[in-house]
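Visitor: I'm new to this one. Could you walk me through it?

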Amino acid sequence: MYITGAFRGTVQFGSIALTSGASNEIDGFVARWNSATGFAWAQRFGGGGSFLVRGVAVGVNAVYLVGSFRNAASFGNISLTSIGGSDGFVAKLADGGTAANFEWAKAVGGATDDDAQAVAVIGNSVYTTGDFSGPQANFGTARLSSAGGQDLYVAKLTDKGASADFAWTQQAGGPGDDYSQAVAVSGANVYVAGSSNSATTAFGGVTLTTAGLSDVVVAKLADAGATASFVWAQQAGGVRNDRAVAVEVSGPNVYVAGTFESTASFGSIALTNATPAGSIATDAFVTKMTDAGTSATFTWARQAGGESDDFVTDMVLSGPSVYLVGRFNSDIASFGNTALTNVGFNGVNPDIFVTKLTDAGSAGTFVWAQQAGGAFADIATSVALSTTTLYVTGAVNPPASFGSQSISGLSSTANVAYLASISTITGLSALSSALPDGLAVFPNPSHTSVTVQLPPIAGAAKATLTVLDALGRAVHTQTVALPASERRLELNLTGLRAGLYAVQVSAGGKAATCRLVVE
């Protein structure tokens, strides 16, 4: 696992100590960790007094970092100087196992403020996205000019080992401010997501119209090697501020997560903020889009949160399982049928959340949600997945609890970074064998088949039935009619390995889940 972020002063990674440069300077760090040996190495980089690390991606024995710097920054023996304001950077670190060294670093931007927000890698192709402003921003030999305030960009670099060159750069924008905060790659398809407050925003030949103060924007580019072009772009949102912060792709499925205010439309799907009428606060959203090649449509969208500001910050996929992390300020934040309670004060200090949804095709359903933190401000910034374990990073003001684990004994006046793990089957293994809301499966344990008793649900004519394995993957999904009285349905279990499963029924905006053992 590779962890990156920012620090001031001296920070410990196991027995390894890093110290920032000039007095009060914020520098970046990147470190390698594994569960067997702990931290293998840690590297400091940065400088210039104003330094931000935005994203990390892992290639073959290499780590790629993006962010922004002002004035000057050092990456090992490599030095970058900003043209003016802040510039973005893209840097490569070669991982030698017990040590690491920077091989190359590139600056992006011009005389005004520019940034690199995210990075994705496939083979020797490195994709970065962010925003720039002003009459000229440099991407290698390419020069871009913004259409107004901030414009978003997508750039591809070709990694040649000890050096790299920009292959192409594309921009999108309008007269206002346009931002890209996430990038994902699948083959020759590149997806970016962010926000726009321009009245109209041009993505190549596609023009989007903003419905409110700022809207969610999602776009697809086709990478032709030395060039690229926008294929489609979609807008979502309402009359207030809405933005995307994460994008992931799996086959034709594109998942986007972010925040919204008021009521937001995702195609024909409308989400309503949980904030009381007359108040303004943000809720989290996650939506699935179906990429049809030259166009895309919104398939489903789900909302999470409460009456105060709640944010999703990162997302990761595993088959039909969608995992989100973030922070919630609301006293009570709802994730489907799960409610989390903030242990901070009066909706001011956020707590951490981790939640899982299952994509059943035409609908997404929250399976479980977990809370972490304490009385002070606690946040989650990133999540990564390794087989059945989620790893979450962020910052807390101790003391803070993560289930039965805790961080304590440190000053509550300063943030400390953390690394925490949670099993992806937490929600599954914690399920009660009691049968909620009239849902029943029998016999349990089962062998070759099982009978599912479906309860009637007022106002619902159909139900989606999903069988999940211990990794949260859907191994069987079907839609059935709901009668006025209970119905019994037989499921064929032939081909399923022995183990722990969950049977989940979703209908009428409600869900019920129970445990199933297959022998």
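Visitor: What share of the residues in the chain is buried?
Guide: Buried residues, meaning those under 20% relative accessible area with a 1.4 Å probe and protein chains only, make up 51% of the 519 residues in the chain. This is a predicted model, in which local features need pLDDT of at least 70 and side-chain atom pairs count only at pLDDT 80 or more, while totals for chains, interfaces and linings use all residues. Residues are numbered from 1 along each chain as its sequence is written, and side-chain values use heavy atoms, leaving out hydrogens and water.

Visitor: And how many aromatic pairs are there?
Guide: A search of the whole structure finds 28 aromatic pairs, where rings of Phe, Tyr and Trp (its six-membered ring) pair if their centres lie within 6.5 Å, and planes under 30 degrees apart count as stacked, over 60 as edge-to-face and the rest as tilted. One of them is the stacked pair of Phe51 and Phe89, with 5.2 Å centre to centre and 15° between the planes.

Visitor: Where do Phe51 and Phe89 sit in the chain?
Guide: Phe51 is in strand β6 (residues 51-59) and Phe89 in strand β8 (residues 78-95), so the pair links distant parts of the chain, 38 residues apart; strands are DSSP runs of E with at least two residues, numbered from the N terminus. Both Phe51 and Phe89 are buried.

Visitor: Why is the pair of Phe75 and Phe102 edge-to-face?
Guide: Because the ring centres of Phe75 and Phe102 are 5.6 Å apart with their planes at 75°. Phe75 and Phe102 are both buried.

Visitor: Which residues form one aromatic cluster?
Guide: That cluster is formed by Phe45, Phe51, Phe75, Phe89 and Phe102.

Methods:
Helices (H or I, at least four residues) and strands (E, at least two) are DSSP runs, numbered from the N terminus. Buried means under 20% relative accessible area, exposed over 50%, partly exposed in between (1.4 Å probe, protein chains only).
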